[in-house]
Amino acid sequence: MGIAERKLEEKQEMHKRILNGARKVFLEKGYEQASMRSIANEINYSPGSIYFYFKDKSEIFQELHKEGFALLLNQFKVLDKVGDPFERLKAMGRIFIQFAQENKDYYNLMFLVEEPTKMSENDGGFKIAQEAIDRLASVIKDCQQKGRFKDLDTEDLTFMILSAMHGICALFCRDRTTSFIGRTNEELMQSGYECFVALLEKVNAFF
């Protein structure tokens, strides 16, 4: 390995190390209490050196946010071969819930850790979040073209379905499922989602 390749590898490794440390700090302290210094302390690195990689904590947060949604979108790709849009919609919810189960830290950062700074629609760090929502809306539109949910507003239905999936995941990620005795988190999330799916399957009887 040449000098240039070695330096690039070291830079990539440091970049990854900063993100891993920042993820832990944001989850433990929240966005407001986190700082470049606390992130540096987490990885035993000098605060000034982190600025060679990121200009501020907002940029780090956006990078983690973007990573999480990229991972989620990549898992959705398996659904491209599913012909029936309603089956695709149901499977999308199952993948969404499984993602939260397997990537709890990412899910918390993507949906539950609040960043007070308002991001503009043109901010690259958050465009990928809109891409995930647009993907869900597109599947719902395909369902409507096939005769399902035809009298419902696409945007309203997208919001409702996303809210239901997120609610299941948020309760799990915030450890708010302990009141439901006799089932594991996974069993509760699965049965709850299948109950929601059963309601969606009956929607056409009313609309």
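Tutor: In this predicted model, Ala, Val, Leu, Ile, Met, Phe, Trp, Tyr, Cys and Pro count as nonpolar, Asp, Glu, Lys and Arg as charged, and the others as polar.

Student: How do the residues of the lining of the second largest pocket divide into nonpolar, polar and charged?

Tutor: The lining includes Ile133, Ala137, Phe159 and Leu162, which belong to the nonpolar class. Asp134, Lys141 and Glu155 are also among the lining residues, and their types count as charged. The division is therefore four nonpolar, four polar and three charged.

Student: Which helix gives the most to the lining of the second largest pocket?

Tutor: Helices α7 (124–145) and α8 (154–173) each supply at least two lining residues. Thr154, Thr158 and Ser163 are among the residues that line this pocket. With six residues, the helix that gives the most is α8.

Student: Is Arg23 buried or exposed?

Tutor: Arg23 lies in helix α1 (residues 3–33). Its relative accessibility is 12%, and the cut-off for buried is under 20%. Arg23 therefore counts as buried.

Student: With which side chain does the side chain of Arg23 make a polar contact?

Tutor: Leaving aside neighbours within four places in sequence, Arg23 is in contact with Leu64, Glu67, Asp105, Tyr106 and Leu109. The polar contact, at 3.0 Å, is with the side chain of Asn20.

Student: What is the relative accessible area of Leu71?

Tutor: Leu71 has its place in helix α4 (residues 57–76). Not counting residues up to four places away in sequence, Leu71 touches Phe99, Asn103 and Tyr106. Leu71 is partly exposed, and its relative accessible area is 30%.

Notes. Residues are numbered from 1 along each chain as its sequence is written. This is a predicted model: local features need pLDDT of at least 70, side-chain atom pairs count only at pLDDT 80 or more; totals for chains, interfaces and linings use all residues. Side-chain values use heavy atoms; hydrogens and water are left out. On a 1 Å grid over the protein atoms alone, a cavity is a set of points where a 1.4 Å probe fits but cannot get out, and a pocket is an open set with protein on both sides within 12 Å along at least five of seven lines; lining residues have an atom within 4 Å of a point. Helices (H or I, at least four residues) and strands (E, at least two) are DSSP runs, numbered from the N terminus. Buried means under 20% relative accessible area, exposed over 50%, partly exposed in between (1.4 Å probe, protein chains only). Contact means heavy atoms within 4.5 Å. A polar contact is a pair of N or O atoms within 3.5 Å; within protein, one must be able to donate a hydrogen and the other to accept it, and residues adjacent in sequence count only if both atoms are side-chain atoms.
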